[in-house]
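Here are some notes to read alongside the model. I have kept them to numbered points so that you can check each against the coordinates.

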Amino acid sequence: MTTTLPISLTVNGHHHELEVDPRVTLLDLLREQLELTGTKKGCDRGQCGACTVLVDGKRINSCLALAVSHDGAEVLTIEGVAHGEELHPVQAAFIAHDGFQCGFCTPGQIMSTIGLIAEGQAGADPERIREGLSGNICRCAAYSGIVEAVLEAQQQLARTDRRTAA
Amino acid sequence: MRDFDYVRPATISEALVAAAEPGSAYLAGGTNLLDLMKGGVTSPERIVDITRLPELNRIETLDDGGLRIGALVRNADLAHDPAFAKAYPAVAEALLSGASAQLRNAATAGGNLLQRTRCSYFYDTASACNRREPGSGCSALGGENRLHAILGWSDACIATHPSDFCVPLVALDAVVEIEGKQGRRHVTLEEFHRLPGDTPQRETVLEPGELIVAIRLPAEAASFAAHARYLKMRERTSYAFAVVSAAAALTVRDGKIRAARLALGGVAAKPWRARAAEAVLLGADADEAAFVRAADAALADASPPGDNAFKIELARRIVVRTLMSALAGTPALMPALPASPFSSLPGVRHDA
């Protein structure tokens with residue numbers, strides 16, 4: 001007999017008190033219980049990256065995370081990255097550079113890119129960007145557009161940072 | 001996924017009590033365990049979530065100059081810790097050559113040691129597998145086995161251990177710190193994983209309910225920092241397990257090898273310390289001829305259980321290549337493609 005457990009989560013800035021079955025992954029919680037279906041279920045086994053979200057600022061595969069284990073966490077999904085009608089610089093750059101075709105992997109690609117830029121390990125080296133995003137598979141193979149989008153978004157965010165710091 | 005009880009202890013002693021119940025499994029990063037549970041490969045009755053044990057989250061320098069890595073330190077945090085990467089560059093390179101950035105953000109140091117084999121017959125619950133179900137047989141023998149073990153295998157199991165992290169660790173004499181009901185004990189990583197023999201289901205020396213709390217590196221491990229590399233041959237350049245990998249660490253003075261460490265990955269059910277090769281290298285001239293002799297010594301006992309004889313020659317070449325790379329010196333900057341044999345010059349694109 002399954003019992004549910006109480007947890008609290010902050011998702012895209014909104015606080016939630018929830019009752020969850022311990023078997024529920026963070027991915028299923030987001031999609032089924034909170035109706036945030038922007039985060040996609042691809043392989044459901046940590047191989048494709050479509051389910052990538054940021055948890056406490058770090059990108060992870062939400063399909064390999066038990067929701068109960070992330071009690072108290074701050075989660076950022078694709079629904080939470082834009083400011084109202086103003087797209088996040090990574091979103092805008094993916095559109096500008098055709099960083100997708102069918103779009104199914106795109107929320108994961110964008111969340112992974114936001115994580116990659118925050119980690120600060122890739123710089124402007126396309127090889128390091130490709131390696132840093134190797135956990136996100138695009139079956140339409142929009143990879144060259146994705147790398148261009150990452151490079152531009154990174155420059156855009158650096159300019160914004162400089163303005164903010166000034 | 002089968003139903004399970006979930007408990008989240010706040011202390012190590014509470015965790016040990018909770019996990020003493022039969023059918024318990026510890027949950028940390030969950031990147032391997034949840035995958036196995038979804039596939040029905042393992043079905044714990046009780047999950048003991050150890051992610052809130054704060055004392056397991058630290059990287060500490062010990063009084064004797066050694067290093068203590070808490071079991072819950074995430075792979076990415078360890079690899080990107082500047083002091084760690086500087087002192088143990090081959091370990092950082094191995095970590096960054098494994099899995100994906102998302103998985104490295106979740107997976108833990110302790111969990112890496114306990115990850116299960118990636119043998120497809122182990123994952124396929126319709127296949128015979130002595131490791132998953134003792135006595136059921138081994139579908140890999142006589143099956144698709146070109147990626148399987150060439151050292152230390154038995155007729156009961158020819159699976160390999162998939163870890164990259166463990167390969168330089170075993171070369172550098174890492175020690176596993178284990179907490180159990182009887183208290184704390186230390187086991188060398190070399191002794192930690194077991195070869196399959198007749199009991200492939202017993203993968204490590206851990207007793208039921210025991211918990212890895214830390215991994216230690218002795219002070220000497222940092223003395224190889226200038227000449228330490230990890231190389232990993234994969235079927236694709238990124239986000240793949242090793243077909244064969246090697247970690248090499250050298251101390252060279254006046255053209256002679258004064259100290260040498262060598263271990264292989266992807267070749268056996270455990271990270272494979274190549275002590276016979278180290279003996280060949282010690283005192284030898286630091287050149288390719290010595291590395292070839294060392295590679296021959298490392299693979300002297302290798303044999304193919306099936307269609308994987310190519311891995312023996314591949315392993316010899318990877319050993320020579322890794323030793324050459326170590327001799328050339330640790331790159332100042334982590335290569336863009338960590339551990340890739342196709343990225344010999346740091347900063348130069350492999351497809352340029």
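1. Let's begin with chain A: the centres of domain 1 of chain A and domain 2 of chain A, taken over C-alpha atoms, are separated by 21 Å. Those domains span 5–80 and 89–165, with bounds that come from an automatic or database domain assignment. Where they meet, domain 1 of chain A gives 14 residues and domain 2 of chain A gives 13 residues; two residues are in contact if their C-beta atoms, placed from the backbone, lie within 7 Å.

2. A word on provenance and numbering. This is a predicted model, in which local features need pLDDT of at least 70, side-chain atom pairs count only at pLDDT 80 or more, and totals for chains, interfaces and linings use all residues. Residues are numbered from 1 along each chain as its sequence is written, while chains are lettered from A and ligands numbered from 1 in the order in which they are written.

3. On the side of domain 1 of chain A that touches domain 2 of chain A, strand 3 (52–55) and strand 4 each supply at least two residues. Helices (H or I, at least four residues) and strands (E, at least two) are DSSP runs, numbered from the N terminus.

4. Now the contact between the chains: 29 residues come from chain A and 24 residues from chain B. Strand 4 (58–61), helix 3 (106–119) and helix 4 (126–132) of chain A each supply at least two residues of chain A's side. That side has eight nonpolar, 12 polar and nine charged residues. Here Ala, Val, Leu, Ile, Met, Phe, Trp, Tyr, Cys and Pro count as nonpolar, Asp, Glu, Lys and Arg as charged, and the others, Gly among them, as polar.

5. Chain B is assigned domain 1 (5–52), domain 2 (54–114 + 161–220) and domain 3 (226–328). The C-alpha centres of domain 1 of chain B and domain 3 of chain B lie 36 Å apart.

6. Strand 8 (residues 211–217) of chain B has seven of its seven residues buried, so it is largely enclosed by the rest of the structure. A residue is buried if 20 or more other C-beta atoms lie within 10 Å of its own, exposed if 12 or fewer, and partly exposed in between, with C-beta atoms placed from the backbone. Strand 8 of chain B runs antiparallel to strand 5 (residues 67–70) of chain B, joined by four bridges, and antiparallel to strand 6 (residues 175–180) of chain B, joined by five bridges. Ile215(B) is the bridge partner of Ile69(B), and Ile212(B) that of Ile178(B).

7. Which strands make up the open sheet of chain B? Four strands form it, in the order 9-10-11-12, with antiparallel pairing; two strands pair if DSSP finds at least two bridges between them. Strand 9 (228–233) and strand 12 (272–273) of chain B stand at the edges with a single partner strand each, so one side of each is left without a neighbour in the sheet. Leu264(B) has Trp272(B) as its bridge partner in strand 12 of chain B.

8. Finally, helix 12 (residues 288–298) of chain B has Ala290(B), Phe291(B), Ala294(B), Ala295(B) and Ala298(B) as its buried residues. Seen down the helix axis, these fall within an arc of 140°, so they line one face of the helix; the arc is that of the directions from the helix axis to the C-beta atoms. Their cover includes strand 11 (256–265), helix 11 (275–281) and helix 13 (310–328) of chain B.
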